[in-house]
Amino acid sequence: MKIAKALIFGGSALAISLLAGCKAGGDNQGLEYAPQMYHSVAYEPLTQIKDESQGTWLSNREDGKGEFFNSNVYNPHGMNMREPVANTVPRNKQGYLPYRLKAFELEQAALVQNPLESSEEVLKRGEVLFMQYCSACHGKTGQGDGKAGEIIGGVANLTGGAYVNLPEGHIFHVITKGKGRMGAHGSQIPEESRWKIVHYVKQVIQGQAAAAAPAPAVDSTAVAQVTPAN
Ligand code: HEC
């Protein structure tokens, strides 16, 4: 009887102290059982540790190699990240080709067509984006009378003069790369959103009908190909 009690007492004391050890929080990550089950050992794309004995002292890897060995034996030179296939062009998530025109290549930019079909939804989103990114300078109706624009000065009135006839590709290019006193917004606004703003500027701010559906061949890469290299 005494032994049983002692066992229960001792056992629960042990269980409590073990459970207390499981606590995690704050800077304490707690203890993990078999951490490689939770954190898979991934190839690090930009490292290439080919020495199989690196970190042997720490290793419990099944392949018997050192913990820090990080090299893909199936790739040439043990590279972890393969080079892209020759003569291929990466597309982004939306399937667009990279925009390669330089800031001064406005003429070529004007030939690029809006790849995004206009719709009520696109215009609605375009409005939100215009208010967020453009209205501070260009004003809510695009007349160049935004509060920040008053200080900067020389803001284009998008509803007047030659600005009304700007091609969509030109507007996209100005948003992306900036022009004159206007800074580039390409790094702040994703490509698709920039084309939405273009639809909004053309159809709502400038009151023009949507352009015909774009011919798929005319994109910035096709235009860039006729551009002399520089
Ligand atoms: C910080 C103020 C500012 C912001 C923000 C701004 N612009 Fe501008 N924008 C200007 C100024 C200034 C000009 C006149 C540029 C020049 O010719 O020197 C201009 C010119 C333009 C032009 C005429 C380009 C040309 O060919 O002359 C367009 C189109 C335009 N902006 C669109 C936009 C759109 C769309 C946005 C929102 C994504 C935007 N701008 C955001 C200040 C701004």
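Biologist: Let's start with helix α4. Which of its residues are buried?

Modeller: Happy to begin there, and please keep in mind that this is a predicted model. A residue counts as buried here if 20 or more other C-beta atoms lie within 10 Å of its own. In α4, the residues that are buried are Val 122, Gly 126 and Phe 130.

Biologist: Which elements do the buried residues of α4 pack against, and which exposed residues are on the face turned away?

Modeller: On the buried side, the packing partners are α5 and α8. The face turned away from that side carries exposed residues, namely Glu 120, Glu 121 and Met 131.

Biologist: What distance does α4 reach from its first C-alpha to its last?

Modeller: The helix runs over residues 120-133, which gives it 14 residues. At 1.5 Å a residue, 20 Å would be expected. The reach in the model is close to that, at 20 Å.

Biologist: Now to the ligand. Which residues come nearest to it?

Modeller: The shell around the ligand has 17 nonpolar, 5 polar and 2 charged residues. Elements giving two or more residues to this shell include α5 (135-138) and α8 (191-205). Of the 24 residues around the ligand, the nearest are Cys 134, Cys 137, Ala 156, Gly 180 and Met 182.

Biologist: His 77 has a positive phi, although it is not a glycine. Is this residue buried or exposed?

Modeller: Phi of His 77 is near 60 degrees, and the residue lies in the loop between α2 (35-38) and α3 (106-109). Inside 10 Å it has 8 C-beta neighbours, so His 77 counts as exposed.

Biologist: What about Asn 87: buried or exposed?

Modeller: Asn 87 is found in the loop between α2 and α3, and its phi is positive, about 60 degrees. With 5 other C-beta atoms within 10 Å, Asn 87 is exposed.

Biologist: Where does pLDDT stay under 50?

Modeller: The mean pLDDT of the protein chain is 86, and 87% of its residues reach 70 or more. Where pLDDT is low, the predicted coordinates should not be read in detail. The stretch under 50 has 4 contacts beyond four places in sequence, and it covers residues 224-230.

Technical notes:
Residues are numbered from 1 along each chain as its sequence is written. This is a predicted model: local features need pLDDT of at least 70, side-chain atom pairs count only at pLDDT 80 or more; totals for chains, interfaces and linings use all residues. A residue is near a molecule or strand if its C-beta atom, placed from the backbone, lies within 6 Å of it. Helices (H or I, at least four residues) and strands (E, at least two) are DSSP runs, numbered from the N terminus. Ala, Val, Leu, Ile, Met, Phe, Trp, Tyr, Cys and Pro count as nonpolar, Asp, Glu, Lys and Arg as charged, and the others, Gly among them, as polar. A residue is buried if 20 or more other C-beta atoms lie within 10 Å of its own, exposed if 12 or fewer, and partly exposed in between; C-beta atoms are placed from the backbone. The expected span of a helix is 1.5 Å times one less than its number of residues. Two residues are in contact if their C-beta atoms, placed from the backbone, lie within 7 Å. pLDDT is the predictor's confidence in each residue, from 0 to 100.
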